[in-house]
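Keep the viewer open as you read.

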Amino acid sequence: MTGTQLFLQQLANGLTLGAIYALIALGYTMIYGVIQLINFAHGEVFMVGSYLALTLMLALTALVPWPVALLGALLGAMLGCSVLGWGIERWAYRPIRQAPRLNALITAIGLSFVLQNAIMLLYGPTDRQFPNPVPLVRWEIGGVTVTLMQVLVWGVAAALMCGLQWLVMGTKLGMAMRATAQDLKICRLLGIPVHRLIGVTFALGSALAAVGGTLFGMTYGTINFHDGYVVGLKAFTAAVLGGIGNIPGAMVGGVLLGLLEGFGAGYLSSQWKNVFAFVVLVLLLLGKPTGLLGERVADRA
Amino acid sequence: MSAARAWSLGAAGALLLPLLHQDPYHLDVLTTVWLYSLLALGLNIIVGWAGLLHLGYAAFFAIGAYTYALLSVKLGCPFWLGIAPAMAAAALGAALVGTTALRVRGDYLAIVTLGFGEIVRISVTNLGPWTGGPNGVLGIGHPRLWTPHGVFDFGVASLPYYYLALAALLLVAGVCWRLERSRVARAWMAVREDEMVAACVGIPVPQMKLLAQACGGALAGLAGAIFAAKQGTVTPDSFDFVLSVMVLAMVVLGGRGSIRGAIVGALLLGALPELLRGANQYRMLIFGLCMVLMMRWRPQGFFGTRHGRTA
């Protein structure tokens with residue numbers, strides 16, 4: 001394999017991982033944008049999404065052709081996680097909205113324990129095989145192998161991001177979300193149903209995390225109830241990298257982090273790839289605390 | 001009941017307990033609780049008093065544990081001489097993280113410290129030649145005491161470590177109690193309430209922040225050295241992000257800025273999973289629910305006060 005081929009191969013792998021990170025990072029960033037809350041339980045929502053998709057996929061692949069099964073699993077996981085995200089906001093975060101910010105962090109940790117252990121009890125503590133009904137089609141393009149699965153990940157992620165961009169920039173709901181991000185109190189005075197809007201934001205972010213979970217399971221073949229923590233932390237890093245609270249930033253940050261890990265693992269050492277991610281995060285935050293595309297001032301206490 | 005009497009009763013109870021109850025498993029759980037309390041008291045200085053949100057505290061615990069472990073294994077350093085370097089190394093690490101993170105505040109500080117915590121843990125895992133990599137350091141020396149009857153080796157028994165950790169805790173709690181009423185702690189609290197006002201009345205804000213982090217780090221280093229001596233081995237997975245958030249949860253549940261709160265928080269979070277052992281596989285589920293419900297019904301923690309702006 002020549003240098004260029006290795007480079008392109010790592011690019012393809014990094015893009016796949018990056019697309020998944022970006023989908024999860026969007027949830028962190030949307031919620032932070034609206035209420036300045038780091039929802040540390042978001043990684044667990046992603047993990048729950050992957051398990052929901054697993055169940056649906058196992059049930060559906062026997063009955064219907066694979067594209068229908070895949071679509072059914074995706075939509076089912078999205079729906080399930082939307083309800084979960086909405087419920088988390090409604091029953092855990094909303095009652096403590098006026099409390100100090102650290103409290104939300106503790107709540108998130110508690111929620112993470114609950115979700116992780118609920119899944120462990122339901123599905124067992126070991127790795128679960130994730131069925132991948134997508135036929136193994138490979139294309140050799142200039143010596144680089146690209147699979148149908150990778151193309152699917154890129155396609156789904158790109159479509160969802162375009163959809164989200166349209167939702168936020170082109171609809172009344174999105175306008176309300178952007179307004180709430182600017183000033184929650186004024187929006188309330190103007191009659192925007194702020195609580196419902198925040199609930200919808202949680203539901204949307206969680207649906208995207210469910211897609212991330214499904215694609216993650218299909219790409220890597222196994223899932224575990226611990227995945228939410230590691231992948232969630234990475235996706236969160238991606239959100240910060242792009243500028244937390246900034247939607248295009250989360251997409252850029254996710255893809256960048258995926259590429260960074262892909263190239264780091266390919267060229268340097270796979271052991272240290274997690275360190276690269278965090279070193280870049282720390283350096284970036286110290287140099288430009290608002291992230292690559294963020295414009296918020298970083299002095300919220 | 002006055003605070004002083006409650007303190008004395010609690011301390012006396014903890015000191016006398018092993019005379020009545022010698023089950024090594026229960027003593028081990030309580031020893032862990034005393035170590036958690038040390039960590040919670042240290043983090044309380046950073047988060048509770050100085051108001052700096054820190055999510056990488058386990059890193060300093062790791063630095064302390066590894067410093068003593070390596071001194072013991074490579075140089076044969078006895079435990080009592082290893083404590084000071086362990087505390088100094090952890091304090092230095094904390095001050096270094098603090099120096100680089102002076103520019104950022106609030107959520108961003110939390111993220112930067114989280115990043116540093118992960119960097120330390122992964123580096124320790126990957127620096128195999130020095131730290132033993134994922135297998136950790138083995139064969140760390142146990143503490144020894146020179147008594148009139150000869151040398152007493154702590155070995156692997158539970159009781160000596162129970163008293164060692166308890167003695168350290170009582171000493172540190174006493175120091176914190178004095179510290180709380182000092183000029184330094186009042187300066188920290190002023191920084192916590194309003195940095196700008198604190199600077200205007202002449203408090204050297206950056207120095208006070210670094211001092212808080214170094215003090216907190218030193219306590220984590222002390223806990224780390226005792227932990228390493230007790231275990232005889234240290235591995236990187238003892239120092240993950242979950243430990244950082246657990247210690248933070250102890251501080252918050254007990255009530256930010258409260259010394260007894262930190263100890264009660266450590267007692268609750270350290271002992272609750274053991275008490276729930278009867279509930280078997282449901283225990284962590286119940287534990288998580290308790291944390292969520294606690295934040296909902298008593299957001300200021302057990303001994304916290306409602307007033308005051310906090311991060």
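Strands here are DSSP runs of E that cover at least two residues, and they are numbered from the N terminus. On that basis Val144(A) sits in strand S3 of chain A, which spans residues 144-147. Bear in mind as we go that this is a predicted model.

So what is around Val144(A)? Leaving out residues up to four places away in sequence, Val144(A) touches Gln5(A), Leu8(A), Gln9(A) and Trp139(A). Val144(A) has a relative accessibility of 5%, so it counts as buried, the cut-off being under 20%.

Now hop over to helix H3 of chain A, residues 66-93, where you'll find Glu89(A). Is this glutamate, Glu89(A), buried or exposed? Glu89(A) is buried, with a relative accessible area of 0%. Its contacts, again not counting residues up to four places away, are Arg94(A), Pro95(A), Arg97(A), His195(A), Ile198(A), Gly199(A) and Phe202(A). While you're in this part of the sequence, have a look at Arg90(A), which lies over the face of Trp91(A), 4.7 Å from the ring centre.

That brings us to the aromatics. Searching the whole structure turns up 22 aromatic pairs over all chains. One of them joins Phe216(A) and Tyr220(A): the ring centres are 5.1 Å apart and the planes meet at 45°, so this pair is tilted. Why are these two about one helical turn apart? Both Phe216(A) and Tyr220(A) belong to helix H8 of chain A (residues 194-220), and they are separated by about one turn because they are four residues apart in it. Phe216(A) is buried at 11% relative accessible area, whereas Tyr220(A), at 40%, counts as partly exposed.

Trp49(B) and Trp188(B) have ring centres 6.3 Å apart and planes at 25°, so they count as stacked. Trp49(B) is in helix H2 (residues 24-49) and Trp188(B) in helix H8 (residues 183-193) of chain B, so the pair ties together parts that are 139 residues apart in sequence. Trp49(B) is buried, with a relative accessible area of 1%, and Trp188(B) is buried with a value of 1%. Chain B also has a cluster linked by ring pairs, made up of Tyr68(B), Phe79(B), Trp80(B), Phe152(B), Phe154(B) and Tyr161(B).

Finally, zoom out to where the chains meet. Here 45 residues of chain B are in contact with 46 residues of chain A. Between them the two chains bury about 4,100 Å², with 76% of that on carbon and sulfur atoms. On the chain B side, Asp107(B), Tyr108(B) and Ile111(B) lose the most area to chain A, together accounting for 16% of what that side buries.

Note on methods. Residues are numbered from 1 along each chain as its sequence is written. Chains are lettered from A and ligands numbered from 1 in the order in which they are written. This is a predicted model: local features need pLDDT of at least 70, side-chain atom pairs count only at pLDDT 80 or more; totals for chains, interfaces and linings use all residues. Side-chain values use heavy atoms; hydrogens and water are left out. Rings of Phe, Tyr and Trp (its six-membered ring) pair if their centres lie within 6.5 Å; planes under 30 degrees apart count as stacked, over 60 as edge-to-face and the rest as tilted. Buried means under 20% relative accessible area, exposed over 50%, partly exposed in between (1.4 Å probe, protein chains only). A charge sits over a ring if NZ of Lys or CZ of Arg is within 6 Å of the ring centre and within 35 degrees of the ring normal. Contact means heavy atoms within 4.5 Å. Buried area is the accessible area (1.4 Å probe) that two parts lose on being put together, summed over both.
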